[in-house]
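Me: Hey, I've just opened this one and I'm new to it. Can we walk through it together?
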Amino acid sequence: MKLLVVICFIIAQTLAQQHVMTQPTPQFVTRRGAQLLLDNQPFVVSGANYWQAMNLGMPSGPSSNRARVLRDLADLSSRGINMIRILAASEASQFGKQPDRMYPALMRAPGQYDDEVFAGLDWVLAQLPRFNMYATVSLNNYWTWSGGAAQYVSWATDTRIPYPVQWDPVRQVFEGGDYQAYLDYTNRFYADPQIYNTTQRWYRSHIERVVSRVNTVSGTRYSDDPAILAWELMNEPQIVEGPAGEKQVARWIDDSARLISELDPHHLITTGAESKNGRDWFHIMHGSPAITLASCHFWPLNWGYYNSTDPSSASVDYSIAKMRDFVGDNAKWAHELDLPTVLFEFGMMRDNWGEFAGLRAYEPQAPVSHRNRFYAAVYDAVRKQLAPHGPFAGAAFWANSLDRRSAARAARLE
């Protein structure tokens with residue numbers, strides 16, 4: 001909890017311009033140029049990623065924990081969080097249970113859904129007005145942990161996914177295959193003309209199923225639900241090299257975003273892009289007229305800027321410098337397209353040295369000295385780019401685990 005206290009103190013101080021909702025029924029968040037608005041007033045996202053919400057909200061089963069969700073939402077809301085970013089997509093394999101994947105899956109096979117998981121999504125969305133919160137809802141995922149785009153390719157080709165090398169924190173070993181092989185395989189979701197019509201038929205059907213769904217708890221159609229801030233096409237779609245790849249990705253984004261806008265004229269639409277590949281790719285991924293909100297993510301460890309085992313300030317200082325450049329670049333690019341943008345993901349692991357080296361860095365007691373410095377710098381950089389000074393509309397940290405961390409600490413102290 002210490003980390004979240006620090007984070008939310010920073011949010012309260014640096015994002016003090018955010019519009020505070022007082023109505024029991026939320027209103028739609030809208031856009032005017034490069035600014036988000038709520039009731040015609042500036043709206044700033046103070047967000048948390050909560051990827052597990054749909055499964056925790058299930059009415060029953062081993063994944064269900066609605067009491068935890070209510071505790072989490074109440075705690076987050078009390079700390080100034082006004083948006084959670086959640087998944088409305090997970091896919092099962094025809095080859096049985098797969099490594100590093102969330103279960104149960106929402107989609108058992110193309111067009112075949114687990115109603116209990118859908119009910120979990122309904123329930124979570126229905127709770128948000130109680131806590132003056134909104135949701136950014138992702139409709140797909142590039143990475144393996146939910147099935148995602150690679151699972152669509154697996155279904156279309158009846159082949160096994162070539163999983164990339166992944167770190168197993170329990171066994172402290174890397175497992176899996178070639179990372180580029182995974183990228184090439186997954187990119188076929190939107191870049192292989194031989195299966196494009198098939199994967200996109202299933203994906204577009206999923207979009208229609210979710211966006212047009214009537215919530216079984218609230219009775220509100222998702223497309224009419226103001227508790228949804230934005231639809232996200234995919235968590236972290238990756239680039240496809242070359243002129244043909246640029247056209248393929250741009251086509252997929254435009255086709256998908258236009259479909260959502262036809263089904264739902266109320267909500268913002270974003271890509272889910274990391275925006276880490278430079279100006280040209282930022283324009284490719286956000287150039288569709290149907291995209292109304294830009295997206296960026298920043299991961300210093302994953303991108304080679306941060307060494308989690310270095311207790312000195314050198315590594316975290318370098319990460320902060322790279323982050324400031326990144327925020328500045330994304331602000332310029334979003335301004336060029338007259339789009340608001342949100343830093344939808346950023347994160348840094350706990351201190352991973354000394355007493356808490358190795359696996360102990362995952363314990364709730366592990367210090368967060370570097371993380372706190374980094375998070376403070378992130379919020380400061382974003383604050384300086386908020387309207388009217390820039391096109392940023394807020395940030396969301398990765399990721400919420402309030403209740404689990406609290407329970408782990410209580411169990412250890414007892």
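Me: Where is Glu236 found?
Reply: This is a predicted model. In it, Glu236 is in the loop between strand 11 (228-232) and helix 8 (242-263).

Me: Is Glu236 buried or exposed?
Reply: Glu236 counts as buried, because its relative accessibility is 7% and the cut-off for buried is under 20%. Its phi is positive, about 60°, although Glu236 is not a glycine.

Me: OK, and Asp158, what is its phi near?
Reply: Phi of Asp158 is near 50°, again a positive value in a residue other than glycine. You'll find Asp158 in the loop between helix 5 (148-157) and strand 9 (166-168).

Me: Buried or exposed, that Asp158?
Reply: Exposed, with a relative accessible area of 53%.

Me: Switching topic: which residues touch the most other members of the largest nonpolar core?
Reply: Ile84, Tyr190, Leu343 and Phe374, out of 102 residues in that core. Helix 10 (residues 314-337) gives the largest share of this core, eight residues.

Me: What does Leu343 touch, leaving out residues up to four places away in sequence?
Reply: Its contacts include Phe298, Phe326, Val378 and Phe392. There's also a second, separate core of 15 residues, with Val29, Leu38, Val45 and Leu268 among them.

Technical notes
Residues are numbered from 1 along each chain as its sequence is written. This is a predicted model: local features need pLDDT of at least 70, side-chain atom pairs count only at pLDDT 80 or more; totals for chains, interfaces and linings use all residues. Side-chain values use heavy atoms; hydrogens and water are left out. A nonpolar core is a set of buried Ala, Val, Leu, Ile, Met, Phe, Trp, Tyr and Cys residues joined through side-chain atoms within 4.5 Å. Buried means under 20% relative accessible area, exposed over 50%, partly exposed in between (1.4 Å probe, protein chains only). Helices (H or I, at least four residues) and strands (E, at least two) are DSSP runs, numbered from the N terminus. Contact means heavy atoms within 4.5 Å.
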